[in-house]
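Student: I have a model open and want to go through its packing. Can we start with the terms?

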Amino acid sequence: MTFAHSLSQIPSEKQILIHLKHQVFGKSVACPGCGRKAYVQELQRHKMWRCTKCHNRFSVTSLNWLKGMKISPRHLWALIWCWQRKMNVQQAQALLGLSIPTVRRYYELFRDNLKLDYDVVLEGKVQMDEMFVKGAFIIGAKDIVRKKIKLNVVCKKSPDKGDALDLIFHHVKPGSDLCTDGGGIYRGCDNWWPVKHKKDIHNRFEFGLTSEIEGTWAVLKTFIRRMYHHVTLAKLAKVVAEFEARYSHPEIFDSPLCFLNNSLKPVTLAL
């Protein structure tokens with residue numbers, strides 16, 4: 001595999017395998033079948049082992065979402081780097097010499113295995129709005145001080161008060177200043193939840209209170225168009241969750257190692 005100059009700092013295959021080994025097994029390798037360490041025999045350096053007690057064979061990729069991986073560790077590292085840098089599928093394919101289906105498959109694997117904070121609480125000044133797509137809509141809220149967002153994809157044509165209140169109940173801290181447009185789904189929300197509700201009337205050309213959350217929709221559309229070109233309704237929720245993670249948890253996207261620390265959890269040993 002020949003790497004371009006921009007990828008010249010990729011670790012060696014041995015270093016990557018050591019990173020994976022430490023992430024999956026910790027300081028020492030134990031058999032996931034029987035939990036013993038003393039009987040584990042190394043078959044391939046930092047890659048594959050066998051338990052001489054229960055005859056279980058396992059590797060750094062056989063116990064997690066990397067199972068069945070047919071690309072090299074350096075290709076994996078480079079693909080994570082491309083995905084973290086929001087490199088579109090065609091550009092990653094040209095850079096790494098992999099097929100487009102392979103790049104798409106691993107981009108989807110990375111997206112599906114993000115470990116996210118689904119209990120994020122927004123506070124202070126919070127803006128809410130909704131964006132419509134074919135067959136669904138996205139309702140979202142943004143904490144404009146801490147720069148956190150929460151987006152929910154709902155597969156129906158139009159939102160109702162229940163959709164708005166569900167997001168408010170779970171993700172807006174009591175006592176916050178909630179800013180929305182004049183939509184009926186937000187009317188009286190301060191009677192159901194202790195927030196200070198303010199609203200813009202767009203027909204009167206009032207946009208100041210919701211400008212940041214409305215700008216988020218433009219950024220989301222640009223992200224999808226540039227990186228994936230399009231997305232099906234079935235995958236929309238995962239793509240939106242990836243966008244939310246990139247915005248609210250940028251530390252996950254600092255390096256491939258940061259992503260692997262987030263997505264690969266230590267293997268569960270038998271008792």
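Tutor: Helices are DSSP runs of H or I with at least four residues, and strands are E runs of at least two, numbered from the N terminus. The model is predicted, so local features need pLDDT of at least 70 and side-chain atom pairs 80 or more, while totals for chains, interfaces and linings use all residues. Residues are numbered from 1 along each chain as its sequence is written, and side-chain values use heavy atoms, without hydrogens and water.

Student: Where is Ser263 placed?

Tutor: Ser263 lies in helix α9.

Student: Buried or exposed?

Tutor: Ser263 is buried, because its relative accessibility is 2%. Buried means under 20% relative accessible area, exposed over 50%, and partly exposed in between, using a 1.4 Å probe and protein chains only.

Student: What does Ser263 touch?

Tutor: Leaving out residues up to four places away in sequence, Ser263 touches Trp65, Asn113 and Lys115. Contact means heavy atoms within 4.5 Å.

Student: And Phe259, what does that touch?

Tutor: With that sequence exclusion, Phe259 touches Trp65, Ile80, Trp83, Gln84, Phe110, Leu114 and Ile252.

Student: Switching to α1, which residues are buried there?

Tutor: Ile16, Leu17, Leu20, Lys21, Gln23, Val24 and Phe25.

Student: What covers them?

Tutor: The cover includes β1 (40–44), β2 (48–51), β3 (57–59), α2 and α9 (256–263).

Student: What comes just after α1?

Tutor: Gly26, which takes a positive phi of about 85°.
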